[in-house]
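Hi there,

Here is the structure I said I would pass on. Have a look at it first, and my notes follow below.

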Amino acid sequence: LNVYFVARLWSPTNTLSERMLNIGIGTLFYGLPSLMHGFYVDFALGSSCFIFGVAAMVIHFGGWGHGLMHVCLGGLAYFCSLYAARLQE
């Protein structure tokens with residue numbers, strides 16, 4: 001699926017909304033295993049970090065939206081790592 005999304009980046013018909021949707025779908029698929037293993041709180045917290053990052057990008061925050069989005073993605077990475085560590089227990 002990621003190969004398809006990357007290939008779409010160079011399509012002449014690719015739009016900004018399609019790119020954002022592809023990122024959202026790809027991120028959701030990375031989080032699905034946590035739901036399958038019952039780590040609902042980790043999934044919800046990671047998703048909320050991602051949603052806050054998307055909101056920061058959309059609102060722009062005076063030009064700081066992109067940087068804030070990356071900070072929020074750090075939170076998403078933390079909860080993904082937490083889930084992966086719990087999976088090893």
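**Where α3 meets α4**

On the α3 side, D42, L45, G46, C49, F50, F52, G53, A56 and M57 are in contact (heavy atoms within 4.5 Å) with G65, H66, L68, M69, C72, L73, G75, L76, F79, L82, Y83 and R86 of α4. The residues of this contact divide into 14 nonpolar, five polar and two charged, where Ala, Val, Leu, Ile, Met, Phe, Trp, Tyr, Cys and Pro count as nonpolar, Asp, Glu, Lys and Arg as charged, and the others, Gly among them, as polar.

Before you go further: this is a predicted model, with local features needing pLDDT of at least 70 and side-chain atom pairs counting only at pLDDT 80 or more, while totals for chains, interfaces and linings use all residues. Residues are numbered from 1 along each chain as its sequence is written, and side-chain values use heavy atoms, with hydrogens and water left out.

As for geometry, α3 covers residues 40-59 and α4 residues 65-87, and the two pack at an angle of about 170° with axes 7 Å apart. Axes here are lines fitted to C-alpha atoms over the stretch in contact, and angles run from 0 to 180 degrees between N-to-C directions. The pair is therefore roughly antiparallel, the word used for angles over 145 degrees.

**L76 and the cysteines**

L76, in helix α4, counts as buried at 15% relative accessibility (buried is under 20% relative accessible area, exposed over 50%, partly exposed in between, with a 1.4 Å probe and protein chains only). Leaving aside residues up to four places away in sequence, L76 touches T27, G46, C49 and F50. From N2, L76 is 74 residues away in sequence and 18 Å away in space, C-alpha to C-alpha.

How many disulfides are there? The count is zero, taking a disulfide as a pair of cysteine sulfur atoms within 2.5 Å. For C72, the nearest cysteine sulfur is that of C49, 6.5 Å away. For C80, the nearest is again that of C49, at 9.4 Å; C80 is partly exposed, with a relative accessible area of 35%.

**The whole protein**

There are four helices and zero strands, taken as DSSP runs numbered from the N terminus (H or I, at least four residues, for helices; E, at least two, for strands). The C-alpha atoms fill a box of roughly 45 × 35 × 15 Å along the principal axes, and buried residues make up 27% of the 89 residues.

Best wishes

Definitions and conventions: Parallel < 35°, antiparallel > 145°, perpendicular 65-115°, else oblique.
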